[in-house]
Amino acid sequence: MSRTGEAGRREAVRQIVNGLSHDCHWNLGPLSGIDWRVKQLRHRFDQLIERLRALAAGLPDRRTGDNTQFEMADITLSAFAVFFTQNPSFLSFQRHMEQAKGRNNARSLFQIKRLPTDNHIRQTLDPVPPRHLFEFFDELHQAFNQQGLLAAMRAVQQTRLIALDATWYFCSQSKNVHCKNCSCIRHTEGQVTHFHSAITPVIVSPSHSQVVSLRPEFITPQDGQTKQDCEIAAAKRWLAAHATLYHTGNDTFLGDDLYAHQPFCRQVLLHGFHFLFTCKPASHPHLSRWVEALEAGRDLHTLKLRVKGKSNRWEHHYYRWANGVPLTDSDDALKVNWCELTITDAAGKVCYRNSFITDWQISADNVAGLVAAGRARWKIENQNNNVLKNRGYHLEHNFGHGKQHLSSLLATMNLLAFALHTFLELSDESYRLIRAAVGTRQGFYQHLQTLTLFWHFETWESLMDFMQRGLEIGPYAVAKS
Ligand SMILES: [Zn+2]
């Protein structure tokens, strides 16, 4: 390549890296690639609630006789409303409102005809396997797709990035609260922690803060296997069950070092997907030694870039990569492509280093994009699992364990509430404006909790309208002199 061509390419790559360095964190700024015509659709919230209600009406119902006075749809939507409003007292507030005013927000916003008691909800939902609600993930997935988000989220090589990771959603140290689906940790002092966990895959993108939740896979203990085996086994089950559903012809799985495991990589390839997994030298010593023995400039390639980091300070990004490296030392070792990024500050101090393996052929043109895609994996931890645990969803809180499926079903509803919130951020202009004015999603739901305690709203739109008026935004924005 000519010197001018080389400089041009470096500049192009530098621009990619600079763009990616200024990643957004739950900001509600302009979202690139969104088809805003779709956002004009009215009653989208109502349509989705209606769809969830239809799905809930078909859930298996083991009740008999007088015990069936409440519809399954009312019971399911009642539980969902608690997660959507992030308010454990939502139902009791609405029961009071019904007694006082003869109307309530559970009916007007969530289409719940009659409010069951919390105990009846738990008892009726306990025997329902969570897979019966999975179609609502598909409904939302389709809605995200129609919005243009999924196309806009495609990353390097025009690929869709699906991040895999496991997270806990229930834990207890009580001797009485556990079931056959619980995993457990036996502490040296004799104490036992029972927990439930699941793989919660999400579509991520280096250039979008939103993550799109896909169907989860619950991790149930397997005889004689370690936790690591369980997580990988669950990921394999997820692949086998959903490969056809999510396969678009160009999809790449992201995962931490645990997934950089030869049998799993082979499974991914067999299902027609790509992979891009973190690969730490300590857990892959053979591959690491192999790379270090390669001849620099011939088999081991490098690229140095100087780019502006998040704090607008100059950083040095040093890439190394090699194609066709054996993942293990076995005779049937899978040949993978390896890359590494080391970031140093102006003083030469190492701020970041990570390495990845992939089946994508690596070159100077795509190494920065591939590494950016690999780094987008943290979004499943930071913008999915941490949000679900710490920012209003309280995923690990014991909402109810039940004897069969209750905790998994409630966790599924929590994931669905999160996915619907994300969808509203993209599709509901009023919601976006209010969120931007309030600042955080938690703040928004705190306002919603208070408002629905005291006032009755005929529709979701009237609630949004009320909030906009109070905040003097949107159609109620006051011109500043
Ligand atoms: Zn359990």
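The model is a predicted one, in which local features need pLDDT of at least 70 and side-chain atom pairs count only at pLDDT 80 or more, while totals for chains, interfaces and linings use all residues. Residues are numbered from 1 along each chain as its sequence is written.

Helices here are DSSP runs of H or I with at least four residues, strands are runs of E with at least two, and both are numbered from the N terminus. Helix α17 covers residues 441-454, and its 14 residues reach 21 Å from the first C-alpha to the last, close to the 20 Å expected at 1.5 Å a residue, the expected span being 1.5 Å times one less than the number of residues. Its buried residues are Arg441, Phe444, Tyr445, Leu448 and Thr452. Seen down the axis of α17, these buried residues fall within an arc of 90°, so they line one face of the helix; the arc is that of the directions from the helix axis to the C-beta atoms. An α-helix has 3.6 residues a turn, so residues three or four places apart point the same way. The cover over the buried residues of α17 includes α4 (72-85), α5 (90-101), α6 (105-110), α15 (406-427) and α16 (429-438).

The chain as a whole holds 18 helices and 13 strands, and 39% of its 481 residues count as buried. Two residues are in contact if their C-beta atoms, placed from the backbone, lie within 7 Å; among contacts between residues at least 6 apart in sequence, 68% join residues at least 24 apart.

A nonpolar core is a set of buried Ala, Val, Leu, Ile, Met, Phe, Trp, Tyr and Cys residues joined through C-beta atoms within 7 Å. The largest one has 113 residues, and those with the most contacts inside it are Phe80, Leu254, Trp338 and Leu416. Helix α15 gives the most to this core, with 14 residues. Domain 1 (38-131 + 405-476) and domain 2 (159-165 + 202-390) both give residues to this core, so it lies between them; the domain bounds come from an automatic or database domain assignment. Leaving aside residues up to four places away in sequence, Phe80 touches Leu52, Met413, Leu416 and Ala417.

| Strand pair | Bridges | Facing residues |
|---|---|---|
| β11 (residues 314-326) and β12 (residues 335-345) | 10 bridges | Tyr319 and Leu341 |
| β12 and β13 (residues 350-358) | eight bridges | Cys339 and Phe356 |
| β5 and β6 | three bridges | Val202 and Ser213 |

Strands β12 and β13 form a hairpin with four residues between them, and Gly348 in the turn has a positive phi of about 90°. Strands β5 and β6 also form a hairpin, with two residues between them. Strand β6 (residues 208-213) is mostly covered, since five of its six residues are buried.

Val204 is found in strand β5 (residues 202-205) and counts as buried because it has 25 C-beta neighbours inside 10 Å. Its contacts, not counting residues up to four places away in sequence, are with Leu161, Ala163, Val211, Leu254, Ala376, Lys379 and Ile380. The C-alpha atoms of Val204 and Trp378 are separated by 9.3 Å, although these residues stand 174 residues apart along the chain.

Gln86, in the loop between α4 and α5, has a positive phi of about 55° although it is not a glycine, and with 21 C-beta neighbours inside 10 Å it counts as buried. Glu472, in the segment after α18 (460-471), likewise has a positive phi, near 55°, but Glu472 is exposed, with 10 other C-beta atoms within 10 Å. Most residues other than glycine have a negative phi.

Arg107 has its place in helix α6 and, with 18 C-beta neighbours inside 10 Å, counts as partly exposed. Apart from neighbours within four places in sequence, Arg107 is in contact with Ile112 and Lys113, and its C-alpha atom is separated by 9.5 Å from that of Ser78, 29 residues apart along the chain.

Note on methods. Buried ≥ 20, exposed ≤ 12 C-beta atoms within 10 Å, placed from the backbone. Pairing = 2+ DSSP bridges.
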